[in-house]
Amino acid sequence: MLIAITTAGLLVSGHLFAESLPLQSVNKAGAVIDAAIEAHGGNDAITNLDTLVQTADIVNYATGQSRKPGPPYDQAALANQNAIGMQDEIFVTRNTGEGGGFVFDQGVIINGENSWQLDYRSGTAGPLLEPDFNTQSGPFIRVTPALLMKQLQARRNTSNWLGEAAIDGRPHDVITLVMETGPALGLYFDRESHMLTRMERVLPPFGQIEYEFLDYAMVDGIPFNRQFKLFVNGEENLVINIQSTVVNGPLDAYLKVPESLEKVAAIGPDPLSTQEIDEGVFLIGGNGTYALFVEMDDHVVAIGGTQTVPASIAEMRKVIADKPIRYGVLTHHHSDHVPGAAAYAAEGATIITFQENATVVREAAGSDDAKLEFVEDSMTLTDGSRSVVLYNIGPTPHAENILIAYLPDQGIIFEADHFPQPLNGVIPPAVPATVAFAAALDKLDLQYTKIVGAHSPRVASPADLKTALFRESAAATGSL
Ligand SMILES: [Zn+2]
């Protein structure tokens with residue numbers, strides 16, 4: 001009998017020795033997670049952590065989003081408030097600030113069927129038709145170690161141990177965390193203190209994002225970092241200084257839509273669409289990014305460089321089957337307005353941009369051989385009968401050089417980042433970039449009836465632009 005038991009024991013341990021690499025990795029991650037949860041307040045404190053409210057001051061370095069293409073980058077100052085309820089899947093956020101020619105004061109309430117998008121500058125609240133707790137709260141969870149511990153607690157079997165690395169001379173264990181949405185995270189835990197000091201993830205097409213958690217202090221038995229830094233491809237991008245932290249307080253006050261806000265039309269998804277703005281002029285895109293395609297006699301002129309471009313080109317082929325894209329026009333150098341360069345280069349099109357942006361554009365095109373043509377003040381693309389005129393309306397508060405496209409015969413203007421328009425509802429008060437845009441249209445004395453943009457499927461009228469400008473001046477004089 002004894003022998004039989006011993007044999008069985010040997011078999012079991014023999015099986016353990018053959019433990020597969022993935023299993024070893026999960027087990028090792030489990031040990032790191034246990035020690036980390038203990039160091040971050042312990043299993044009970046993390047389990048019982050349900051609601052969290054934090055306020056913070058944020059400095060944003062506008063990497064790839066400054067007025068000029070290269071460093072030093074412009075800075076913007078923001079104030080932020082986040083309130084989360086894990087059990088009830090509640091998330092409320094509000095961001096106030098200015099930068100890049102914009103002024104904003106916006107919020108979101110995610111609370112099941114009572115979810116709202118708030119614009120305090122516009123004075124509007126629109127119901128959200130498809131509220132998504134995971135997507136909305138993800139950015140806050142990712143910068144909050146105690147909430148990351150809750151994620152590790154819930155998803156421990158999906159974490160892998162990646163290896164060890166030294167950060168500032170201190171050995172760290174690196175494990176993975178896969179959240180409900182977004183790419184996998186690499187978490188760095190100090191071997192001695194077991195505190196989360198750093199995190200990384202790769203986010204195409206923007207590159208490597210690094211998170212640093214600094215200056216921990218205890219709040220209700222849980223350590224919270226008082227400072228946070230985010231780097232994009234090694235360059236400092238965000239510094240968050242946390243001003244206040246409240247653990248397990250009530251959230252009711254955050255869920256109410258302020259009475260001062262006017263209720264406007266519901267905000268729903270924005271699927272890929274094709275709009276024929278005029279004969280042979282198509283605005284194609286979705287999810288907040290659009291490009292304009294103008295059909296010429298034997299080719300197409302494409303305007304706009306956002307990430308929609310490949311999908312928009314595919315849609316465009318359904319309405320213009322057989323003409324090549326000869327020109328791909330990039331409005332400006334910002335990181336979300338150059339990804340389209342790769343698709344234009346692949347189409348064999350000439351990319352139109354500014355000399356100052358050549359390095360950024362070649363990099364986005366992924367090829368030194370991409371054909372580039374440079375605009376200075378203006379350029380006219382014409383097939384003899386139909387024309388597209390490009391104007392540099394820079395410098396503006398948004399960019400040193402910025403192109404708009406003007407179709408004189410159709411009275412259409414395409415712009416990027418200067419006249420932000422919601423999908424529907426009230427036209428918001430003008431931001432400084434809008435004021436500069438309107439002044440440029442006046443100075444160029446353009447005759448137009450329609451304004452379309454890189455970030456909205458909405459076709460605006462000259463009256464809409466006037467509304468925005470009037471609301472700005474009215475707000476500035478305090479009469480609204
Ligand atoms: Zn921009």
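**Overview of the chain.** The accessible surface of the chain is about 22100 Å², and carbon and sulfur atoms contribute 53% of that (Shrake-Rupley method, 1.4 Å probe; for residues, only the protein chains shown count as cover). This is a predicted model, in which local features need pLDDT of at least 70 and side-chain atom pairs count only at pLDDT 80 or more, while totals for chains, interfaces and linings use all residues. Residues are numbered from 1 along each chain as its sequence is written, and side-chain values use heavy atoms, with hydrogens and water left out. The chain holds 11 helices and 27 strands (DSSP runs numbered from the N terminus: helices are H or I of at least four residues, strands are E of at least two). Its C-alpha trace spans about 100 × 55 × 40 Å along the principal axes. Of the 480 residues, 48% count as buried (buried is under 20% relative accessible area, exposed over 50%, partly exposed in between, with a 1.4 Å probe and protein chains only).

**View 1. The zinc site.** His332 (NE2), His334 (ND1), His398 (NE2) and Asp417 (OD) are the protein donors of the zinc ion, at 2.1 to 2.2 Å (donors are N, O and S atoms within 2.8 Å of the metal, or 3.2 Å for Na, K and Ca; water is not among the atoms, so sites may look incomplete). The donor residues follow the spacing H-x1-H-x63-H-x18-D. His398 sits in the loop between β23 (387-392) and β24 (403-407), and Asp417 in the loop between β25 (412-415) and α10 (432-444), so this pair ties together parts 19 residues apart in sequence. Both residues of the pair, His398 and Asp417, are buried. The arrangement of the four donor atoms is irregular because their angles at the zinc ion run from 92 to 165 degrees (tetrahedral requires all angles between 85 and 135 degrees; four donors are square planar and six octahedral if opposite donors are over 155 degrees apart and all others between 65 and 115; anything else is irregular).

**View 2. Surroundings of His332.** His332 lies in the loop between β19 (325-329) and α8 (340-346) and is buried, with a relative accessible area of 1%. Its side chain forms polar contacts with the side chains of Thr331 at 2.9 Å and His334 at 3.2 Å (a polar contact is a pair of N or O atoms within 3.5 Å; within protein, one must be able to donate a hydrogen and the other to accept it, and residues adjacent in sequence count only if both atoms are side-chain atoms). Beyond four places in sequence, the residues that His332 touches include Asn357, His398 and Asp417 (contact means heavy atoms within 4.5 Å).

**View 3. Ile404 in strand β24.** Ile404 is found in strand β24 and is buried, with a relative accessible area of 2%. Among the residues it touches beyond four places in sequence are Val389, Ile413, Phe437 and Leu446. Ile404 and Asn392 are 12 residues apart in sequence and 6.6 Å apart, C-alpha to C-alpha.

**View 4. Asn82 in strand β2.** Asn82 lies in strand β2 (residues 75-85) and is buried at 8% relative accessible area. Its side chain makes polar contacts with the side chains of Asn80 (3.1 Å) and Thr93 (2.7 Å).
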